[in-house]
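Colleague: Could you walk me through this one, starting with the ligand and then moving on to a pocket?

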Amino acid sequence: MKTIFITGGAGFIGSHVVRRFVNNYPDYQIVVIDCLTYAGNLENLKDVDSKPNYKFEKVDITDEKAVNDVFARYQPDGVIHLAAESHVDRSITDPFAFIRTNVMGTCNLLQAARTLWNGNWEGKRFYHISTDEVYGALSKTDPMFTETTRYAPHSPYSASKASSDHFVRAFHDTYGMPTVISNCSNNYGSHHFPEKLIPLAINNIQHNRPIPIYGKGENVRDWLFVDDHAAAIDLIFHKGKIGDTYNIGGNNEKTNIELIRTLCRLMDKKLGREQGTSEKLITFVTDRAGHDLRYAIDSSKLQRELGWQPSVTFEQGLEKTVDWYLANQDWLDNVTSGAYQQYYDKMYTNR
Ligand code: NAD
Ligand code: DAU
């Protein structure tokens, strides 16, 4: 039996990856490493938590001793590293939380794996999940990001992710650790914390609250359905070339305003409201500081070399997402109560 650590497994993307691995690989022991920040929620894993090949360990990756201890106890063969502070707006308010988790936390994991594996790399793999934001911002007409695009992060979040990518490469180049990295575009789907654009807008539309659009809504993101990201992670973990990097993207570039208008029409239909009702909630607010204009990612290497293809169109994925939120009001109510509500009120009052 192989033991695989999935860090950040209680978060949005991590929970989809855990579900896939627990269900598809009964011979693997899947151990979720997560300290359950506001973004981590064991509810996200309740459909797999009684499976015999699933384990959960509440570990903060910034705690070097706790990380070393959990590596010593389980002796993992592989690490799929998703744990991170992931929200750009929070990184603008508190950059050090991002440095601690995304940089120091990643280094703690790398060092613990290096100590455990001790140069015996056979059958071992450290897979780091990163973001397209490390490449910076594109103009409206620039070609898409490829794996060789120069790193040029702008936000404290993307700078911390870029830094962690550099450390992962350094452990490969210096010590020979079998690492692989992927850089993905914006994900959407179920279990997405409602501070990010799509789930935030779904939640606000349901409650007839304003939908805050930063600036003029002209910024472009490339949207990928989360299950397709999990499928790419599965492929790269098993077949990706050691020391290599793969871009993952949906080839679905949308301006924020175009995306929100599509979502409003869909929500009106689903909620039985007259068309045009939800669009009235759109409210233009002060722009994000250093707001990257456009991300677009070329995933042709992954398609060509490993045969990955997204399985749903944006319209299909968005409808699945909306249906999940409408059927899981308890989940939304739960994660938006208490501390998150205070954060939200602070972020958006007088913005
Ligand atoms: P998320 O914020 O939903 O989840 C992050 C998870 O990490 C949570 O379960 C949280 O509890 C855990 N975590 C945070 N700090 C921790 C710590 N110090 N110790 C242990 N656990 C900790 O994030 P997400 O959107 O699912 O993103 C997952 C990963 O994918 C991140 O590395 C992110 O940079 C990357 N990524 C995200 C996207 C996206 O669109 N969401 C796109 C590309 C890459
Ligand atoms: O590109 C991958 C990245 O995508 C991931 O690495 C990050 O973890 C993830 O959070 C996401 O970053 P973004 O900043 O692109 O996502 P967010 O949902 O915060 O914002 C998407 C766009 O919508 C962005 O242009 C900012 C804008 N926006 C966002 C919010 C929350 C709004 O206009 N209003 C909002 O209320």
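Modeller: Let me begin with the classes: Ala, Val, Leu, Ile, Met, Phe, Trp, Tyr, Cys and Pro count as nonpolar, Asp, Glu, Lys and Arg as charged, and the others, Gly among them, as polar. Please keep in mind that this is a predicted model.

Colleague: How do the residues of the shell around ligand 2 divide into those classes?

Modeller: The shell around ligand 2 holds 10 nonpolar, eight polar and six charged residues.

Colleague: And which residues are the closest to ligand 2?

Modeller: Of the 24 residues that surround ligand 2, the closest are Thr131, Asp132, Tyr157, Arg288 and His291.

Colleague: What is the distance from Asp132 to an oxygen atom of ligand 2?

Modeller: A polar side-chain atom of Asp132 is 2.5 Å from an oxygen atom of the ligand, and for an N or O atom in the side chain of Arg288 the distance to an oxygen atom of ligand 2 is 2.6 Å. The protein buries 94% of the 690 Å² that ligand 2 exposes when taken alone.

Colleague: Which element gives the largest share of that shell around ligand 2?

Modeller: That is strand E8, with three residues.

Colleague: Changing topic, how much space lies in the second largest pocket?

Modeller: The second largest pocket has about 230 Å³ of space, and its lining includes Thr37, Glu85, Arg90 and Lys346. Helix H3 (88-93), helix H4 (95-117) and helix H12 (339-348) are the elements that each give two or more residues to that lining, and the largest share, three residues, comes from H12.

How values were computed: Residues are numbered from 1 along each chain as its sequence is written. Chains are lettered from A and ligands numbered from 1 in the order in which they are written. This is a predicted model: local features need pLDDT of at least 70, side-chain atom pairs count only at pLDDT 80 or more; totals for chains, interfaces and linings use all residues. Side-chain values use heavy atoms; hydrogens and water are left out. A residue is near a molecule or strand if one of its heavy atoms lies within 4 Å of it. A polar contact is a pair of N or O atoms within 3.5 Å; within protein, one must be able to donate a hydrogen and the other to accept it, and residues adjacent in sequence count only if both atoms are side-chain atoms. Accessible areas come from the Shrake-Rupley method with a 1.4 Å probe; for residues, only the protein chains shown count as cover. Helices (H or I, at least four residues) and strands (E, at least two) are DSSP runs, numbered from the N terminus. On a 1 Å grid over the protein atoms alone, a cavity is a set of points where a 1.4 Å probe fits but cannot get out, and a pocket is an open set with protein on both sides within 12 Å along at least five of seven lines; lining residues have an atom within 4 Å of a point. Grid points are joined across faces, edges and corners, and a volume is the space filled by probe spheres set on the points.
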